[in-house]
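Please follow this structure step by step, with the sequence and the model side by side.

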Amino acid sequence: MNNEEPSSENNNLIENLEQNGLSRRGFLHGMGGLGAMLGMGGLAGSAGAAPKDADGKVIPGFEKGQNDPNAAKGWQSVSDRKVKVGIAGYGLCQFGAAFFYQNHPNVEVVAATDLDPGRCAALAQAVGAKKTYPSCEEMIKDKNIEAIYIATDAPSHARLAIMALEHGKHVCSAVPAVFGFQAEDEAEKLFNAVKKSGMKYMMNETSAFHADLYAKRMQFQAGALGKIIYSEGEYWHDFGPNGLPGYNPKNGKIELDGWRKALPPMWYPTHAAAYYVSITGGRFTEVSALGTPGLYPEYNGGDNQHKNPFGTEIALFKTSEGGISRIGGSWDMKDAHGEQGRVHGQKPHNNAIKGDRPPLPPGVNSGDHGGSHGHLTNNFIESILLDKTPIVHVGDALNMTLGGVIAHKSALKGGEWMKIPQYEL
Ligand SMILES: NC(=O)c1ccc[n+]([C@@H]2O[C@H](COP(=O)([O-])OP(=O)(O)OC[C@H]3O[C@@H](n4cnc5c(N)ncnc54)[C@H](O)[C@@H]3O)[C@@H](O)[C@H]2O)c1
């Protein structure tokens, strides 16, 4: 798929958007910006050229690592077992089918769900699931399912993850782990559900398997970098004056009035925050953040669904190593785009330490968002098969996500220093 050839699902979406006053041409052009980090429909599993925006630039998230031809080199099977997985969510990004569960030799996709019957049927077809459920809540009750992959809208992740854990399922959740005004309460409940159930919980932080981040993780774990003195991470993505569609629970549509409208950048901090947390396993402990008034009408001076005035937020964190980390999120800044970051330690990078990402099973490609999709799925499935801690476990997931949520609170108070609640298994 490319920007000129929307899927039938996206055609429906475009019709919805047209009903909401956005022109088809405007939407397709918007897709350049909108697709930027969003992993647009079905692209993740495709072997085609990276999609480009209206200016001919490759959309962020699709730049490199897609379908690495050497991904399976050196792979060895760890088990003959097939984990029975149920997949939820086939919205704007069609993420339910974009993470290669259907290709993994140790997975049987037994069921699929989306609240919208059309999207549910399309997801079931894309992942080869024989069973469908009208909701994730119903699917979670299926005793045959061992693990749930949650690719629904961000505000629903924690509630569905907690429910699945309480039903004895392993859970892999799209980012963020917790969301919005209820994030701190959800964090407590999610942490307790993971602890009590003993099941695996992983957040699909795509930056964790960016090649550069993973290489630095290997350096850090080998002690090559010493302590990280300073790190920085960014998620720059100009949504444009029309904003970005997302699921709207009020009417079931994916539309501009959905959960992404006037989203505080620091409620979605994970791709940037991984450039400290997923490299070191260290923690953000305190934060001071500032925001700038959003450029576009949807912010409306803070009179919006999220009561958020900011289109750009920058957070300065103290880290558990005694270092400093600067994390930025922006939906309106010009000449800035990408999910990226840097770390600087006490010691230099050691070229003798290999930092390659692990091999993937045949058929599981690395995929979009810097070649991360297949790696995340393989890591989650291996964590179940081998009883290992997943790469982005609940402690990391909550520190990154809550770090952002508290940063937004700080920005609303003009940069007041605030402590970040800590959760460790
Ligand atoms: N780089 C990344 O990691 C990255 C990139 C893009 C999106 N995402 C995340 O992926 C997720 C999906 O994104 P999207 O843009 O496709 O979302 P979306 O808002 O467009 O769609 C969400 C879908 O979930 C379905 N849904 C909601 N509640 C459900 C329930 N209880 N049971 C079954 N289905 C339900 C909706 O019907 C809808 O089709 C989001 O959480 C987003 O944050 C991550």
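E234 has Q340, a residue of strand β13, as its bridge partner; strands, like helices, are DSSP runs numbered from the N terminus, with E runs of at least two residues for strands and H or I runs of at least four for helices. The two strands concerned, β7 (residues 228-236) and β13, run antiparallel and are joined by 8 bridges, where pairing of two strands requires that DSSP finds at least two bridges between them. This is a predicted model, in which local features need pLDDT of at least 70 and side-chain atom pairs count only at pLDDT 80 or more, while totals for chains, interfaces and linings use all residues. Residues are numbered from 1 along each chain as its sequence is written.

Strands β7 and β13 belong to an open sheet of 6 strands, with mixed pairing and the order β13-β7-β12-β11-β10-β14. Because β13 (338-345) and β14 (418-419) stand at the edges with a single partner strand each, one side of each is left without a neighbour in the sheet. Helix α11 lies across β10 (284-293), β11 (310-319) and β14, and runs at about 50 degrees to β10; such angles run from 0 to 180 degrees between N-to-C directions, with axes fitted to C-alpha atoms and, for helices, over the stretch in contact.

Helix α11 (residues 394-412) also packs with helix α6 (residues 183-197), at an angle of about 175 degrees and with the axes 11 Å apart. That makes α6 roughly antiparallel to α11, because angles over 145 degrees count as roughly antiparallel, those under 35 as roughly parallel, 65 to 115 as roughly perpendicular and the rest as oblique. In this contact, A183, E184, A187, L190, F191 and V194 of α6 meet V394, L398, T401, L402 and V405 of α11, contact being counted when C-beta atoms, placed from the backbone, lie within 7 Å.

A further open sheet of 6 strands has parallel pairing and the order β3-β2-β1-β4-β5-β6. Its edge strands are β3 (131-133) and β6 (201-204), each of which pairs on one side only, and neighbouring strands of this sheet are turned by 25 degrees against each other on average, direction ignored. Within it, β4 (residues 147-150) and β5 (residues 170-174) pair in the parallel sense over 4 bridges, and I148 has V171 in β5 as its bridge partner. Helix α5 (residues 157-166) lies across β1 (83-88), β4, β5 and β6, running at about 170 degrees to β5.

Two backbone details can be found in loops. Most residues other than glycine have a negative phi, and most peptide bonds are trans. V175 and P176, however, are joined by a cis peptide bond with omega of about -10 degrees, and P176 is placed in the loop between β5 and α6. F100, in the loop between β1 and β2 (107-113), has a positive phi near 70 degrees.

Which residues are the closest to the ligand? They are G91, L92, C93, C136 and Y247, among the 32 residues that surround the ligand, a residue being near when its C-beta atom, placed from the backbone, lies within 6 Å. The elements that give two or more residues to this shell are α4 (136-140) and β8 (246-248).

Key:
Contact = placed C-beta atoms within 7 Å.
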